Amino acid sequence: NAVTPDDMYEAYGADTLRLYEMAMGPIDQDRPWETRSVIGSQRLLQRVWRNIVDEDTGELVVGDDAMSDELARTMHRTIDGVRADMDNLRFNTAIAKITELNNEITKLDGPTPRLVAETMVTMLSPLVPHVAEELWLMLGGEGTVTRATFPEADPAMLVDDQIEMPVQVNGKVRGRVMVAADADEASVVAAALADVNVALHLDGKEIRKTIVVPGRMVNLII
């Protein structure tokens, strides 16, 4: 369509062009070129930058405080997913996962935890080497980010503390409850009985039998 890489480079920079090309879809499939969509990649890099650097002062907006457990879990799940995606050349889905992590950072009320900032920059470095290198140096990283060890996910952080279980009444799903992943049968049944929708369908009737499939479902027979 007569759009040359040189023109895109001049307008948006090399990293934005690289990111857009890899975010368009699987690399082994044909994809339509949409110049306007490059803006999405440019905005992602701008949001990443703002989560680490104050645009007005040029100072870091990064702190050394510990991150919340929720953000830590999101970070480790992102590491695990991005590593798998890159191993299989699924750059588009890797970018989507990094975007989700950056969105969670944007929601923070306060500075970005240094660990998550460094982790995100390291994951971005194969995709946008110039921006990543600049941020890495500003964060005080040693040497070049291209030599940095890719982050490792903590297996313990990949396990859900809570799971959602459907609750059936006479074999039909009437509600869903959140329970601890290691909850015993009594705790699961208690949570099911406390659900408003389930209680409505039980209508005060006696429960003749309870079937609990750990981690899968609970069925109340009346």
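## Exercise 1: A residue in a strand

N219 lies in strand β6, which spans residues 217–221; helices (H or I, at least four residues) and strands (E, at least two) are DSSP runs, numbered from the N terminus. Before starting, note that this is a predicted model, where local features need pLDDT of at least 70, side-chain atom pairs count only at pLDDT 80 or more, and totals for chains, interfaces and linings use all residues. Residues are numbered from 1 along each chain as its sequence is written, and side-chain values use heavy atoms, with hydrogens and water left out.

**Task.** Is N219 buried or exposed, and which residues is N219 in contact with?

**Solution.** 
- Step 1: N219 has a relative accessible area of 9%, so N219 is buried (under 20% relative accessible area; exposed is over 50% and partly exposed in between, with a 1.4 Å probe and protein chains only).
- Step 2: Setting aside neighbours within four places in sequence, N219 is in contact with Q168, V169, N170, G171, K209, T210 and I211 (contact means heavy atoms within 4.5 Å).
- Step 3: Now widen the view to the strand: five of the five residues of β6 are buried. M217, N219 and I221 cover one side, V218 and L220 the other. In a regular strand the side chains alternate between the two faces of the sheet.

## Exercise 2: Building the sheet

**Task.** In what order do the four strands of the open sheet come?

**Solution.** 
- Step 1: Begin with β3 (residues 162–169), which pairs with β4 in the antiparallel sense over eight bridges; two strands pair if DSSP finds at least two bridges between them. Here V167 stands opposite G175 in β4.
- Step 2: β3 also runs parallel to β6, joined by three bridges. The bridge partner of V167 in β6 is V218.
- Step 3: β6 pairs with β5 in the antiparallel sense over five bridges, and T210 has L220 as its bridge partner in β6. The hairpin of β5 and β6 has three residues between the strands, and G215 takes a positive phi near 75° there.
- Step 4: Put together, the order is β4-β3-β6-β5, with mixed pairing. The edge strands, each pairing on one side only, are β4 (172–180) and β5 (209–213). Neighbouring strands are turned by 20° against each other on average, direction ignored.

## Exercise 3: Two helix pairs

**Task.** At what angle do α3 and α7 pack, and at what angle do α4 and α6 pack?

**Solution.** 
- Step 1: α3 (residues 38–50) and α7 (residues 129–138) pack at about 5°, with their axes 12 Å apart. Axes are lines fitted to C-alpha atoms, for helices over the stretch in contact, and angles run from 0 to 180 degrees between N-to-C directions.
- Step 2: α3 and α7 are therefore roughly parallel (under 35 degrees; over 145 is roughly antiparallel, 65 to 115 roughly perpendicular and the rest oblique).
- Step 3: L45, V48 and W49 in α3 meet V131, E134, L135 and M138 in α7. By class, this contact has six nonpolar, no polar and one charged residues (Ala, Val, Leu, Ile, Met, Phe, Trp, Tyr, Cys and Pro count as nonpolar, Asp, Glu, Lys and Arg as charged, and the others, Gly among them, as polar).
- Step 4: α4 (residues 69–87) and α6 (residues 114–124) pack at about 10°, with axes 11 Å apart, which makes α4 roughly parallel to α6.
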